[in-house]
Amino acid sequence: MPRPWTAAARRLRLLKGVKRRPPEPIRRWKIVRGDLVEVLAGKDEGKQGKVIDVDRRSNRVFVQGLNTHLKYTAPQGDYKGGYVSSEAPLHYSKVALVDPADMKKSRIGYQYAADG
């Protein structure tokens, strides 16, 4: 803990009441539930998986079997408890859609044809 008369203590007091802003929502989502995606960064970089869920408020996606962590569940009734593997969310910028024709990651864009 810094001394109360120092500049470091003043900075801590100023930051104490600051709240995080929610992330800027994406206007047009290109990734939806059921899509095949490839992870671009992290411990599962280069692996492909199916999107289980999309959290549009926090701009995150859950990919089946990737970015997993162990979660402890307490004993309840007949269940004795223990560690269960579950998926953690990935930011949408860390995944890319996979082209089903050649099974490689690709970039998506929208184009309007001349006839509309």
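**Ground rules.** I am working with a predicted model, in which local features need pLDDT of at least 70 and side-chain atom pairs count only at pLDDT 80 or more, while totals for chains, interfaces and linings use all residues. Residues are numbered from 1 along each chain as its sequence is written, and side-chain values use heavy atoms, with hydrogens and water left out.

**Overall build.** I began with the secondary structure and found 1 helix and 8 strands. I take helices (H or I, at least four residues) and strands (E, at least two) as DSSP runs, numbered from the N terminus. The pattern along the sequence reads α-β-β-β-β-β-β-β-β. The radius of gyration came out at 21 Å, well over the 13 Å that the globule rule gives for 116 residues, so the protein is more spread out than a compact globule. For that value I use C-alpha atoms, and the rule is 2.2 Å times the number of residues to the power 0.38. I also looked up the spans of the C-alpha trace along its principal axes, which are about 70 × 55 × 25 Å.

How much of the protein is buried? I found that 21% of the 116 residues count as buried; the cut-offs are under 20% relative accessible area for buried, over 50% for exposed and partly exposed in between, with a 1.4 Å probe and protein chains only. The protein exposes about 9,800 Å², and carbon and sulfur atoms supply 52% of that area. These areas come from the Shrake-Rupley method with a 1.4 Å probe, and for residues only the protein chains shown count as cover. On charge, I noted 24 positive and 12 negative side chains, with the centres of the two sets 15 Å apart. Lys and Arg count as positive, Asp and Glu as negative, and His and the chain ends are not counted. I place each charge at NZ of Lys, CZ of Arg, CG of Asp or CD of Glu.

**The sheet.** Next I traced an open sheet of 6 strands in the order S6-S3-S2-S1-S7-S8, with antiparallel pairing. Strands S6 (90-91) and S8 (104-105) stand at the edges with a single partner strand each, so one side of each has no neighbour in the sheet. I call two strands paired if DSSP finds at least two bridges between them. S1 (residues 36-39) and S2 (residues 48-55) share 3 bridges, and Leu 36 has Lys 50 in S2 as its bridge partner. S2 and S3 pair over 4 bridges, and here Val 54 stands opposite Val 61 in S3.

**Two asparagines.** I stopped at Asn 59, in the hairpin of S2 and S3 with its 4 residues between the strands, where phi is positive, near 60°. At 3% relative accessibility, Asn 59 is buried. Asn 67 sits in the loop between S3 (60-63) and S4 (68-73), and its phi is also positive, near 55°. Is Asn 67 buried or exposed? Asn 67 is buried, at 19% relative accessible area. Beyond its neighbours within four places in sequence, Asn 67 has contacts (heavy atoms within 4.5 Å) that include Lys 43, Asp 44, Ser 86 and Leu 90.
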